Amino acid sequence: MMPRRVLVTGGAGFIGSNFVHHLVAHTDDAVTVLDKFTYAGNAASLAGLPEDRVAVVRGDICDGALVDELVSAADVVVHYAAESHNDNSLDEPRPFVDTNLVGTYTLLEAVRRHGTRFHHISTDEVYGELELDDPERFTERTPYNPSSPYSSTKAGSDLLVRAWVRSFGVRATISNCSNNYGPRQHVEKFIPRQITNILCGERPRLYGAGANVRDWIHADDHSSAVLRIIEAGRIGETYLIGADGERSNRMVLESILTAMGEPADAYDRVADRPGHDLRYAIDSTKLREELGWRPALQDFARGLLMTIDWYRDNEDWWRPQKAATEAKYRELGR
């Protein structure tokens, strides 16, 4: 396949930066990263990548002139940029409306003008929650039922993409992925928060009883799925990405403690957060059967050990974020 010019929005964030690393390792593509570098974007996440293949632009996806300039020079736009933390959306919803809705609209208008291939990254949280004992999982046909400002704005952005495909012929695909884990994830998120608390000599904290179930996938597997969709996915289609990794939050936390040589019960419980969905679960049959994708790192225990090792070995990356993150959680009682 000929090298492409790929514009990656949010490419300095957790999932976006892992995708940029994946592109560099597995293709000859030239990559431009567009990132606003809010608290979640980290230039260090792109460190070591070849400068002749990766260019970084600091900017906002709501900036129409900048977006138009970058899209005009791209063959493919992969849209990761999003406000993506439920707790933050409950505290201050407006940035989620601006980035997730207005930003996606701005990109869609640019790819519409230039006829550029577009892939939109979304989340399984747009589908709402499943009961803990429900045998069903989310599929591409599951109705949307978002429960937070974060998931509702992501649902809205998905619907914008679908409308621009149908109304204007934009060449777009969508993927909704389960919970990611792996290197370069901000310490406000569940798994890195627990790991870094232990590394700092602090007790981890668990919302409520920790019975809420999430479907975990390593960021490398998410990246390989997105690349496969870009290469072979059918225009206008949605693909769900998952690795059959359902585990309760309590199970994940206890696995982290055990892997780090701590007693499995060495954590504190805090009040559950408002609107905390019970369970997410992805059925990725369509992606696997239609495009032949399979997760390479389906062993969650192995992936968790790799993630722990990364945070242990990269304290300079996460330490500057830690104090401010924990101070904010203390204010919220979480």
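1. First, the ground rules. The model is predicted, with local features needing pLDDT of at least 70 and side-chain atom pairs counting only at pLDDT 80 or more, while totals for chains, interfaces and linings use all residues. Residues are numbered from 1 along each chain as its sequence is written, and side-chain values use heavy atoms, with hydrogens and water left out.

2. Helices (H or I, at least four residues) and strands (E, at least two) are DSSP runs, numbered from the N terminus.

3. The seven-stranded sheet. An open sheet of 7 strands runs in the order β3-β2-β1-β4-β5-β6-β10, with parallel pairing; two strands pair if DSSP finds at least two bridges between them. At the edges sit β3 (54–58) and β10 (238–241), each of which pairs on one side only. From one strand to the next, the twist averages 20 degrees. Angles here run from 0 to 180 degrees between N-to-C directions, and axes are lines fitted to C-alpha atoms, for helices over the stretch in contact.

4. Strand β1 (residues 5–9) pairs with strand β2 (residues 30–35) in the parallel sense over 5 bridges.

5. The three-stranded sheet. Here 3 strands form an open sheet in the order β7-β9-β11, and the pairing is mixed. β7 (179–181) and β11 (246–248) are the edge strands, each pairing on one side only. Neighbouring strands of this sheet are turned by 50 degrees against each other on average, direction ignored. Strand β9 (residues 213–218) and β11 run antiparallel and are joined by 3 bridges; the partner of Asp215 in β11 is Glu246. Helix α7 (residues 219–232) packs on this sheet, touching β7 and β9, and its direction makes about 70 degrees with that of β9.

6. Helices α1 and α7. Helix α1 (residues 14–26) packs against α7 at an angle of about 65 degrees, with the axes 9 Å apart. That makes α1 roughly perpendicular to α7 (under 35 degrees counts as roughly parallel, over 145 as roughly antiparallel, 65 to 115 as roughly perpendicular and the rest as oblique). Among the residues that meet are Phe14, Phe19 and Leu23 in α1 and Val226, Leu227 and Ile230 in α7. By class, this contact has 8 nonpolar, 5 polar and 1 charged residues; Ala, Val, Leu, Ile, Met, Phe, Trp, Tyr, Cys and Pro count as nonpolar, Asp, Glu, Lys and Arg as charged, and the others, Gly among them, as polar.

7. Helices α2 and α4. Helix α2 (residues 64–72) and helix α4 (residues 94–114) pack at about 40 degrees, their axes 9 Å apart. That makes α2 oblique to α4. The contact of α2 with α4 divides into 5 nonpolar, 4 polar and 2 charged residues.

Technical notes
Contact means heavy atoms within 4.5 Å.
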